[in-house]
Amino acid sequence: MTMPLMRPKRKNPILRTRQMNLPPWGRGRVALGLTAAAAEGRFELQTCRECGAVQYPPRDACHKCLSVRLAWREQTGRGQLLSATTLHHSNDLFFRERLPWRLGFVHLDSGPTLMVHLHGEVGEAPTRVRVGARLDRAGRAVLIGMPEQGSAHMADDRMLREMTSDPKFRKVLVTDGKTPVGQELVRAMVKAGAEIVWVGHAEPWKNYGGLEDITALPQVTLVPLDLTNGRSVTELAGEIGGKVDIVVNNAEVHRTFGIAGRRGTDVAKLEMDINYFGLLRLAQEFGPALRGRSADGVTSATAWVNLLSIYALSNFPPHGTFSASKAAAYSLAQCLRAEMRPAGIRVVNVFPGPIDDEWNQHMPPPKLAPAGLASAIVKALREGVEDVYPGDVAQEWLERWRDNPKVLEREVASGG
């Protein structure tokens with residue numbers, strides 16, 4: 001049974017902050033299919049379309065019939081632990097700092113035998129286990145063997161916590177607290193065990209509904225933050241940037257209509273100023289601070305969350321300029337992910353469908369409730385997922401986009 005994580009002691013400010021050493025990250029192009037699935041929380045292996053063989057490690061051809069017609073298919077991960085060992089010495093810098101470390105061989109029910117990292121609750125061989133794929137601190141997929149029935153605190157396992165961004169005992173910045181989504185995010189982070197939740201408020205002189213409820217929580221502190229104002233972002237970064245462990249950028253401007261539905265560019269500029277340039281200003285000020293603390297103990301800086309939109313994948317003309325601003329933000333978020341990866345900071349991009357808010361009043365159901373979106377974000381942090389598509393509409397949109405982006409574009413343009 002995993003012992004629950006205890007609140008860590010305050011850091012000695014005299015001691016130098018430990019710098020991140022990434023785990024071995026070299027992978028061939030074929031193996032990146034495993035990483036692509038793990039980024040969305042799935043465990044997939046290559047399956048031959050000719051003979052049906054499931055294989056690992058990934059190869060360019062089937063190990064049985066040599067067919068090149070291979071597809072990545074989701075696996076249950078159930079199997080038998082054949083043997084296990086505990087490392088007490090390693091020449092790799094990442095593992096040297098984290099010894100002892102358990103490894104084991106697992107024979108999957110589907111056929112392949114894998115070497116996996118072992119959760120602390122897995123017993124001695126032979127025993128039944130469940131294998132899953134997670135992203136490590138280098139952003140590459142690794143395989144983890146977990147018990148079929150875990151305890152209530154299994155997420156506090158030392159090895160598993162290295163692969164996730166659990167908010168427990170961490171300090172979180174939510175950039176916009178005036179919206180229903182922002183307020184539900186604050187509640188979800190507090191419920192997940194966050195030690196402090198700073199909540200951005202761009203217009204403190206305005207009385208927005210719901211702020212009194214969240215500020216009554218002892219973990220919550222309102223802070224002035226206007227993403228259209230570079231000075232505001234810089235000042236807040238100077239005050240709390242060295243303490244933040246998770247940034248959740250949920251600030252956005254959402255207006256309806258496309259190109260011909262309104263005159264001028266003022267609204268489109270406002271959308272870009274928050275949705276794109278706001279992210280850029282935030283990343284320039286808070287990014288270096290997060291990178292510098294990515295190896296700072298069990299509550300190190302760990303994740304950056306961007307609230308995007310499923311419309312970032314393919315423009316939704318009735319919300320055309322908003323879609324364009326989110327597409328720009330998505331492209332910038334990919335750059336941010338590449339720059340954060342060497343420090344082991346995970347960038348989580350969230351692509352919700354229509355949210356049940358004031359700007360989607362005329363949109364028919366199904367719509368995503370703010371509380372559901374907040375829960376999906378916390379779940380992604382706890383499971384180490386990199387891309388999240390919460391809601392029925394987002395899932396269907398993603399499936400159609402992956403099948404044929406051009407067909408989706410035509411369907412959406414014609415109202416489909």
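Keep in mind that the model is predicted.

Let's start with helix 4, which covers residues 180–191. Its twelve residues reach 16 Å from the first C-alpha to the last, close to the 16 Å expected at 1.5 Å a residue. Several of its residues are buried, among them V181, L185, V186 and M189. After helix 4 comes G193, and its phi is positive, near 100 degrees.

Now for the strands. Strand 5 and strand 6 make a hairpin, with four residues between them. In that turn you'll find G111, with a positive phi of about 130 degrees. Strand 6 also pairs with strand 8 (residues 141–147). The table puts the two pairings side by side.

| Strands | Sense | Bridges | Residues standing opposite |
|---|---|---|---|
| Strand 5 (residues 101–108) and strand 6 (residues 113–118) | antiparallel | five bridges | H107 and T113 |
| Strand 6 and strand 8 (residues 141–147) | parallel | two bridges | H117 and I144 |

What about the inside? The largest nonpolar core has 44 residues, and F286 and W304 have the most contacts within it. Helix 6 (230–240), helix 8 (277–292), helix 9 (320–340), helix 11 (392–403) and helix 12 (405–413) each give two or more residues to this core. Helix 9 gives the most, with six residues. Apart from this core lies another one, of 33 residues, including A194, V197 and L373. L185 belongs to that 33-residue core too, which brings us back to helix 4, where L185 is one of the buried residues.

Definitions and conventions. Residues are numbered from 1 along each chain as its sequence is written. This is a predicted model: local features need pLDDT of at least 70, side-chain atom pairs count only at pLDDT 80 or more; totals for chains, interfaces and linings use all residues. Side-chain values use heavy atoms; hydrogens and water are left out. The expected span of a helix is 1.5 Å times one less than its number of residues. Buried means under 20% relative accessible area, exposed over 50%, partly exposed in between (1.4 Å probe, protein chains only). Two strands pair if DSSP finds at least two bridges between them. A nonpolar core is a set of buried Ala, Val, Leu, Ile, Met, Phe, Trp, Tyr and Cys residues joined through side-chain atoms within 4.5 Å.
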